[in-house]
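Subject: Model handover, pockets and cavities

Dear colleague,

I am passing on the structure we spoke about, and would be glad if you could look at it beside the notes further down.

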Amino acid sequence: MTKFQKDANWLDFHSNPSKPAFTPPPGAVDAHCHVFGPGDDFPYSPTRKYTPCDGPKETLFELRDYLGFERNVIVQASCHGTDNSALIDALIHSDGKARGVAVVSPDISDAELADMHSAGVRGVRFNFVKRLVNPVPPEELKSVAKRIAKLGWHIVIYFEAPDLPEYYDFFASLNTIVVVDHMGRPDCSKPINGEEFELFLKLLRENNNIWTKVTCPERLSLRGPPDYVDFIPFATRLVELFPSRVLWGTDWPHPNMKSHMPDDGHLVDMIPLVAPTAELQRKLLVDNPLRLYWAGGI
Ligand code: 0GY
């Protein structure tokens, strides 16, 4: 009997994803994925807002190889709170093939940050999605932002499009590289040239330290699988406008997916639809993530 039972309405990750027809270029990085537990070894946070299915590092690394990727960037998910043990364990068992983005409390010590750096952490995540966390006020995050800058780390931010006006000035004030998860979660049923997505484009146009991940058709598309057609124009626009500031990832094991679970092979096959040339694909999958996560060496 395991200590943690996943939420009843949670779907497990795809057990038998298809082999993608698209072959990622050599050196390709899955730059957004998670490890969950296993809960018996790495207990989920007492303050979590969901209990996931276990998503252990071994399964993630097998999927990486199967899909044709060489490296992972593992992002701390809210179900583990500020206890980064499962993330660190995955990094140190990755043979240098994984880097991490941690979630830290503002009172973390310099020694703990230094240990995380040695394990392969290169960024911190600030999460503003209210269904996932009780967001930490920007004022309290400023000191974290200053301290991690000294380590050469960057900041990953997660928010939903309607909340961008509230946080815009704070995001624009950050001095490190800032990576926005899942394109700032646009409403893909709205026009691409509408006010909401325009504000997101303005944030990137006016701040060349801000990057974004063109990820999560499975959560952003209202039209749904298998083609996620309404997601594609948003992702394509970002890749065309900011080819050197975009990242791609699977988001495995796809937390909080309740309507359907995507086939990870199919997600890989969508890459040429959002990055149609070999040059754009190389930037998205290799050059950009290596510059951000492996600048100190492979
Ligand atoms: C994601 C998306 C989600 C969850 C988390 O930290 C998390 O729990 O990031 C979500 O539910 O939208 O990036 O995995």
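Predicted model: local features only at pLDDT ≥ 70, side-chain atom pairs only at ≥ 80, totals over all residues.

Residues are numbered from 1 along each chain as its sequence is written, and side-chain values use heavy atoms, with hydrogens and water left out.

On a 1 Å grid over the protein atoms alone, a pocket is an open set of points with protein on both sides within 12 Å along at least five of seven lines, a cavity is a set where a 1.4 Å probe fits but cannot get out, and lining residues have an atom within 4 Å of a point. Points are joined across faces, edges and corners, and a volume is the space filled by probe spheres set on them.

The largest pocket has a volume of about 480 Å³, and among its 23 lining residues Gly81, Thr82, Val103, Val133 and Val136 are the closest to the centre. The lining of this pocket comprises 11 nonpolar, nine polar and three charged residues (Ala, Val, Leu, Ile, Met, Phe, Trp, Tyr, Cys and Pro count as nonpolar, Asp, Glu, Lys and Arg as charged, and the others, Gly among them, as polar).

There are four cavities of 30 Å³ or more. The largest cavity holds about 110 Å³, and of its 16 lining residues His34, Arg125, Leu132, Tyr158 and Pro255 are the closest to its centre. The second largest cavity, of about 80 Å³, has Phe231 and Trp248 among its lining residues, and its lining has no charged residues.

Best wishes
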